[in-house]
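Thanks for coming. I will go through one model today, helix by helix, and then turn to the charged pairs. Please have the sequence and the coordinates open.

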Amino acid sequence: MPGSANPAEVAETPLHHFFPLKPPPPPLLPLERHEDPTPLTSEEISRALSKSSNTSIPGPDHISYSVWKSVYRLKRSLLPSLLDALLVHRFHPPSLKKALGIILDKLGKPSYDSPSSFSVIVLLRTLSKILKRVVTSRLSAQATPCSLIHPLQCGSVPGRSTADAALVLQHNVKSFHCLRYKVSTLFRNVKVGFHNMESPTLLSLLRKKGVTPNLVRLVGSFLRDRTCCFTFQRCPRTFAPVSVGVPQGSLILPLLFIIYVSSLHLVTSRSLNIFYVDDFAVPVASPSYRTNVRLLHKSFSSLKRNVLEIMLLAIL
């Protein structure tokens, strides 16, 4: 970065850009004794490993999924016994939350003198990711009964894809055309949303939606006391604290994010929003394009109000 005197200063600039320091989250609420989690089963571990690619780049421990798959084949009870203790105590140890940050340049940027011209991918320990895949599966099972996810959210939801989002949008446009309406669509993206999620807000949403307390506490433990170290030539291996956002390499990230932005899923008159994780499409229809512009302005204003409501949730 311009003005940096040494590799340590080069690493400090993107660290503050991608992971700005925030006040530490409040302490986790104590759990009632009788709220014990469901014991971790070999079947859950087997499903988690079957969805894990041997070619995935491991985190700081350099242990690939192929190693854990071999361990599981040799002794099926070892991984469940190790990870079940973390579920029982609703605790994710800091040793498993150390991550490596890989900085990638964004294509087509006129200059690479600013951190905004780069993106970061976080590499986590594979043992941590196995547990998070199990928790993601359990949290997904509560998504429908707890109304955690909007019905038209097509991203990171089992059985839905980008093709579904495109087909829904196409169907809506054709339906409006059959009524001889003019159709306009506003496309929007939640910029750097993953890195700016506030854990108190997220945990408040999970509690209010009725997610079981043990899962809320475990998610809270995932998000606390995280550290990251960027990797590039001559960069010192110093792990710095990360107090905001969710690691982009985390398997539970997409699910937590679509829960986090669920209140941004607006349904207004003559419009039907479509969502794919952090991408939103808002089609509106009316007899004139002038009216459509007014409707889309109204939708955008509602979005800004809802963003403010999300920010207030953290202090309620």
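Let me start with helix α8. Of the 11 residues of α8, 9 are buried, so this helix is largely enclosed by the rest of the structure. Before I go on, note that this is a predicted model.

Which residues of α8 are buried? They are Asn 214, Leu 215, Val 216, Leu 218, Val 219, Gly 220, Ser 221, Phe 222 and Leu 223. As for what covers them, the buried residues of α8 pack against α4, α5, α7, α9 and the strand β4, residues 226-230. After α8 comes Asp 225, which has a positive phi, near 55°.

Now the chain as a whole. The protein chain has 10 helices and 7 strands. It has 316 residues, and 45% of them count as buried. If you take the contacts between residues at least 6 apart in sequence, 72% of those join residues at least 24 apart.

Next, helix α9, one of the elements that α8 packs against. α9 is mostly covered, with 7 of its 8 residues buried. The buried ones are Leu 253, Leu 255, Leu 256, Phe 257, Ile 258, Ile 259 and Tyr 260.

How do α7 and α9 meet? The two helices span residues 199-208 and 253-260, and their axes come within 10 Å and cross at roughly 75°. An angle from 65 to 115 degrees counts as roughly perpendicular, and α7 and α9 are therefore roughly perpendicular to each other. On the α7 side the contact is made by Thr 201, Leu 202, Leu 205 and Leu 206, and on the α9 side by Leu 256, Ile 259 and Tyr 260. By type, the residues of this contact are 6 nonpolar, 1 polar and no charged.

In soluble globular proteins, nonpolar side chains tend to be buried together. Here the largest nonpolar core has 47 residues, and the members that touch the most others are Ile 45, Leu 148, Leu 202 and Leu 206. Two or more residues come from each of α2 (42-50), α3 (65-74), α4 (78-89), α5 (126-141), α7, α8 (213-223) and α9. Which element gives the most to this core? It is α9, with 7 residues.

Take Leu 148 from that list. Leaving aside neighbours within four places in sequence, Leu 148 is in contact with Leu 139, Gln 142, Ala 143, Leu 206, Lys 209, Val 211, Ile 258, Ile 259 and Ser 262. There is also a second, separate core of 12 residues, which includes Leu 15, Phe 18, Cys 228 and Ala 240.

Glu 44, Ile 45, Ala 48 and Leu 49 in α2 meet Ile 130, Arg 133, Val 134 and Arg 138 in α5. The residues of this contact divide into 5 nonpolar, no polar and 3 charged.

On to salt bridges. How many are there? The count comes to 2. One joins the side chains of Glu 44 and Arg 138, at 2.9 Å from N to O. Glu 44 lies in helix α2 and Arg 138 in helix α5, so this pair ties together parts that are 94 residues apart in sequence. Glu 44 is buried, at a relative accessible area of 13%, and Arg 138 also counts as buried, at 16%.

Asp 61 forms a salt bridge with Arg 125, where the closest N and O atoms are 4.0 Å apart. Asp 61 sits in the loop between α2 and α3, and Arg 125 in the loop between β2 (118-123) and α5, so the pair links distant parts of the chain, 64 residues apart. Asp 61 counts as partly exposed, at 22% relative accessibility, whereas Arg 125 is buried, at 16%.Last, Pro 58, which is found in the loop between α2 and α3. At 18% relative accessibility, Pro 58 counts as buried. Its contacts, leaving aside neighbours within four places in sequence, are Ile 63, Ser 64, Leu 123, Leu 124 and Thr 126.

Terms used:
Residues numbered from 1 in each chain as written. Predicted model: local features only at pLDDT ≥ 70, side-chain atom pairs only at ≥ 80, totals over all residues. Heavy atoms only, no water. Axes fitted to C-alpha atoms, helices over the stretch in contact; angles between N-to-C directions. Helix = DSSP H or I, 4+ residues; strand = E, 2+ residues; numbered from the N terminus. Parallel < 35°, antiparallel > 145°, perpendicular 65-115°, else oblique. Contact = heavy atoms within 4.5 Å. Nonpolar A, V, L, I, M, F, W, Y, C, P; charged D, E, K, R; others polar. Core = buried A, V, L, I, M, F, W, Y, C linked by side-chain atoms within 4.5 Å. Buried < 20%, exposed > 50% of the residue type's maximum accessible area, 1.4 Å probe, protein only.
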